[in-house]
Amino acid sequence: MSVMSSALFLAQGGGPLAPAPAPEFSIDPPALTAVWPVLIVLGAACVGVLFEAFLPRHQRWPAQVILSLLALAGAGVALATYLTDAPAGGETAIFDALVVDRPALFLWGTLLALALGSVLLIADRSVEPGGAFVATAAIRPGTVQDRAQVTATGMQTEVFPLTLFALGGMMIFCASNDLLTMFIALEVLSLPLYLMCGLARRRRLLSQEAAVKYFLLGAFASAFFLYGVALLYGYAGSVRLSEISAATAGSDRSDTLLFAGMGLLVVGLLFKASVGPFHTWTPDVYQGAPTPITAFMAACTKVAAFGGILRVLQVAFESTSWEWRGVLWGVAIVSMVIGAILGLTQTDVKRMIAYSSVAHAGFLLIGAIALTEKGLSATLFYLLTYGFTTLAAFGVVSLVRDGSGEATHLSQWAGLAKRSPLVAGVFTFILLALAGIPLTSGFVGKFVVFEAAIDDGMAPLVVVALIASAVAAFFYLRVIVLMYFSEPAADGPTVTVPGAFTTAAITLGVLVTLLLGLAPSFALDWAAGGVFAGR
Amino acid sequence: MTSSSNSWLLAALLLLPLVGAAVVTGLRGNDRVAKLTALGFSLAEFALAIGAWIAYAPDGARIQQHFSFDWIPAFGVHISFGVDGIALVMIAVIGLLVPLVIGAGWAEKLPEGRTAGGFFALILLEQALTVGVFAATDVFLFYVLFEIMLIPMYFLIGSYGGARRQYAAVKFFLYSFLGGLIMLASVIALYVMSADELGGQGTFDWATLVQTVSDAPLSTQIWLFLGFFIAFAIKAPLVPLHTWLPDATAEAPIGVAVLLVGILDKVGTFGFLRYLLPLFPAASEALTPLVLVLAVAGVIYGSLLAVGQSDMKRFVAYVSIAHFGFIALGIFAFSSQAMTGSVTYMVNHSIATGMLILVIGMVIARGGSSRIADYGGMAKLTPLLAGTLLIAGLASLSLPGTSSFISEFLVLVGSYPNAPVYTIIATVGMVFAALYVLWLYQRIMQGPLRGAALVGATGGAAPATVEGGGGVAVATEPETKKILDLNSREKWVLAPLVLLIVGLGLYPKPVLATVQPSVDATMCAAGQTDPVQSAERQLQCP
């Protein structure tokens, strides 16, 4: 973990060099109220670790589930309480490391709600007896002990604190005031995810391969990010976003440092957001990871990563946008084209949704590079809609099973509507939302993003995006065709009747998708609540 | 919430089929009850449509029976509906066709595992959405309904259609969806432009948009025009964006084919009139040659391919493509005469082609094949069916005395002053029409009894059975299959159409009087004047 250690070194060394005012060494009480949600989540994660250490094995699962849900609810209450008298312009907290402004609060709320759905999926033990996670991760796959533990009912309950740690990292990530906090948050959110990807109960080799792949590529991306931070520090003499922005305004410093630094930084961010062509990990990891973790990654990581991208682009680099926007135009086009076209060739449901997420990342990037208030609120709204839809999508994927676990091959979904009309209907609705059909949240999200883009003079990009949407619609439709118009195979999979947790998670995702499609006004108002502090 | 007088009629027209669809879905366990309920709802809807027509004052406000309330205030989106004369006659045609389609689909052999209740519920849902598309007066709402109405149709084709239904359903959906998405870019651009004009908050209200953006620079207008035009040209369909229609028509169940050709396709030509001309007058004029070339190409291409078809359902699709060429010609010839002709053509095409499809469906139900070559001399077995096919065919070729003649005549006469060459070429299409209709009739109905569908090979295909009723069994030769003539249900389905074809052919005034003021308003909004001023009727713009 040389990446981590160098980060810590920089974090220690960066403080005195920064020309920021000398930090006050007393924690300001009002500043702390702003970050209670983060503190609750991270604190609960630490308690969860203690539970693992001290509770007997059979008590851990209920204790962890209750703790996680309480932590999310508590963080939500803290957030709602803070919102009632939050300063409109935002405020900084914890030695100016975090900035809690309206977009950050919106992202926190979104992350907490999505994490609630994910925890419900993770906690489910009805779909797969014992849960989707391996009982003892240390046993080597394929051994006699391993075959025995497939039927064991226990699971590695460390998943819960790991989820909370990742969530805490995500929340810090999109509220970071400087690039070093952002980097540490990136590692805090990534390391638990790498681990959780490898914990699948079934198909363990595939799962572990996904974990290694994600870890290696993620480490590369982190290195890119860090190198970018270093170059930007050399350019601006500070890692604080607002000071980088100030440095770009009419200085005679080296543009090479600026754009090389920014390029490396953005590559790291785009990797996390699985924007093509930095998406190569996405299909493998989405396919191999336990489905609840895939849901968590697809929903929450996307939100956090785009929260970070929005903040970096809008706060630090807005004034130089005419230099780099063309490049990100290209990246958005590549991402949409890769997602839409490679999605056509997929035969696995989870991989198909992975490519769909790459295409969606392209749409999101369009909103992110419309550097206007509208672009910000549109992208935030899109993140909200996409998160819930994709959460529900993976929830449904986890229900369709055969003897060897989840039946993710598309051919196994043939004729599903005959066996289980409800599940097929729900999945059809989700697919239509992903395709952006009106009266679903997916359409409203696309609409606001494209509106912001056209308003900011990016009409050609929007036309490309619309054509990509039409191409992507084909692979969503193909699944609908399979489910409704094909004859079921004789030895096809069965649809598991989900327990309360999974039912709740899918219902949450579907209801939000429907609600934001029919009456999006309230959420649009939330998303348009304010701009980033320091712009 | 704002509303004008009689808006409850329109609201009821929108809600009744929705309620019907929900009720019929609930009753789908019992086929007979579900069918009767669906028929009841569709007849009530028809009665409402007639009521709305009576309540409509042709010389009153442009948009009547209007109501509106906020949907997404952040983007100035309203749920707002209202009708002008053009929308009203289309809604009435929907109201007429749906009960007939339900009647025609009464004994439809559905694929295994599907219920008639589900089938009819989807048809009622489609009806509600198409009424909404014609009545929407908010461009955003129009777009939403324009896309949503694909979904029930997709399931109608994909779940209840013929052998290649999956392919046809997906092709239909993707074509229309792509067109819609391109239109979305233009819709958003309209909003952004209106926000610039109005200062801050934009609007999607159709009337306000017409006032604010119709004077945009030509180059902008052309881009936006093309966005809408591609969507409508796919829907209408104009050559070369038509290839989904023959597949969809051929694979759809008969009733669904009627809705597809009779109603859904009209959204395209309706869009020309309601959106293209008033919103982009300069671009409409500048791009007229493009549209006219496509229109005339459609007339000739559709006619030629109709002659060459070996499948009856595909035959109807190509006939429709030819007719849509005429309609587009009349709209873009920019004279109130031709445009009135086009609007009445939209009505009469629904009636005539709708009847043609229904009759062909009855032929196919008897013979069990849609190949023309499988039939011959059928008139000997089913004289009544032969007669109705002839009537539907003659209406399709616009024989004087049928309702289509008046429309086609108005289109050609009105188009000649502005577009003489195109009109002359299109007239050739009329000659082809006589050829393809009469030849089809001759091959199926006349001559000696022949064809695999009628003259059964011993032990071959199962004899086609038609559910009993008032039919008369005629068996001229021992090996002939038992084929019955029209039963009373089928007579009830076809009789209203025959009456309308003849009635509107002799007395077209009710339709003409209703659409005329709206056509004039469209002409004025498009900034056009009549090339030839007639003494008895002059276009007067405010």
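Modeller: Happy to! One definition before we start: a helix here is a DSSP run of H or I with at least four residues, a strand is a run of E with at least two, and both are numbered from the N terminus. Also keep in mind that this is a predicted model.

Biologist: Okay, where does A:P277 lie in chain A?

Modeller: Most peptide bonds are trans. The bond from A:G276 to A:P277 is cis, with omega near 0 degrees. As for its place, A:P277 sits in a loop of chain A, the one between α10 (255-272) and α11 (281-288).

Biologist: And what is omega near for the peptide bond from B:V239 to B:P240?

Modeller: B:P240 is found in the loop of chain B that runs between α9 (218-235) and α10. The peptide bond from B:V239 into B:P240 is cis, and its omega is near 10 degrees.

Biologist: What about phi of A:L439, is that positive or negative?

Modeller: Find A:L439 in the loop between α17 (421-435) and α18 (441-455) of chain A. Most residues other than glycine have a negative phi. A:L439 is not glycine, yet its phi, near 75 degrees, is positive.

Biologist: Let's zoom out. What radius of gyration does chain A have?

Modeller: Chain A comes to 21 helices and five strands, and its C-alpha trace spans about 70 × 55 × 40 Å along the principal axes. A compact globule with 535 residues would have a radius of gyration near 24 Å, and chain A agrees with that, at 22 Å.

Biologist: Those two helices α7 and α8 of chain A pack together. Are they roughly parallel or antiparallel?

Modeller: Two packed helices are described by the angle between their axes and the distance between the axes. For α7 (179-197) and α8 (204-236) of chain A, the axes are 9 Å apart and the angle is about 175 degrees. Angles over 145 degrees count as roughly antiparallel, so α7(A) and α8(A) are roughly antiparallel.

Biologist: By class, how many nonpolar residues does the contact of α7(A) with α8(A) have?

Modeller: The α7(A) side includes A:L179, A:F183 and A:Y194, while among those from α8(A) are A:A210, A:F215 and A:V229. Four residues of the contact are polar and one is charged, and the nonpolar count is 15.

Biologist: Now a sheet in chain A. Which strands stand at its edges?

Modeller: The order in this open, antiparallel sheet is β4-β3-β5. β3 (400-402) and β5 of chain A are joined by two bridges, with A:R401 partnered by A:T494 of β5(A). Each edge strand has a single partner, so one side is left without a neighbour in the sheet; the edges of chain A's sheet are β4 (405-406) and β5 (494-495).

Biologist: Over in chain B, which residue in β2(B) is the bridge partner of B:S3?

Modeller: Chain B has an open sheet of three strands, in the order β1-β2-β3 with antiparallel pairing. Two bridges join β1(B) to β2 (64-72) of chain B. In β2(B), B:S3 finds its bridge partner in B:F67.

Biologist: At about how many degrees to β2(B) does α1 of chain B run?

Modeller: Helix α1 (7-26) of chain B lies across β1, β2 and β3 of that chain. Its angle to β2(B) is about 65 degrees.

Biologist: Which element gives the most to the side of domain 1 of chain B that touches domain 2 of chain B?

Modeller: Chain B splits into domain 1 (1-286) and domain 2 (288-532), whose C-alpha centres are 23 Å apart. In their contact, 44 residues of domain 1 meet 46 of domain 2. The domain 1 side has 31 nonpolar, seven polar and six charged residues. With 10 residues, the element giving the most to it is α3(B).

Biologist: Last one: where does the largest share of the side of chain B that touches chain A come from?

Modeller: Here 25 residues of chain B contact 24 residues of chain A. The elements giving two or more residues to the chain B side are α5 (139-148), α6 (150-160) and α7 (165-198). That side divides into 19 nonpolar, four polar and two charged residues. Its largest share, 15 residues, comes from α7(B).

Key: Residues numbered from 1 in each chain as written. Chains lettered and ligands numbered in written order. Predicted model: local features only at pLDDT ≥ 70, side-chain atom pairs only at ≥ 80, totals over all residues. Domains from an automatic or database assignment. Contact = placed C-beta atoms within 7 Å. Nonpolar A, V, L, I, M, F, W, Y, C, P; charged D, E, K, R; others polar. Axes fitted to C-alpha atoms, helices over the stretch in contact; angles between N-to-C directions. Parallel < 35°, antiparallel > 145°, perpendicular 65-115°, else oblique. Pairing = 2+ DSSP bridges. Rg over C-alpha atoms; globule rule 2.2 N^0.38 Å.
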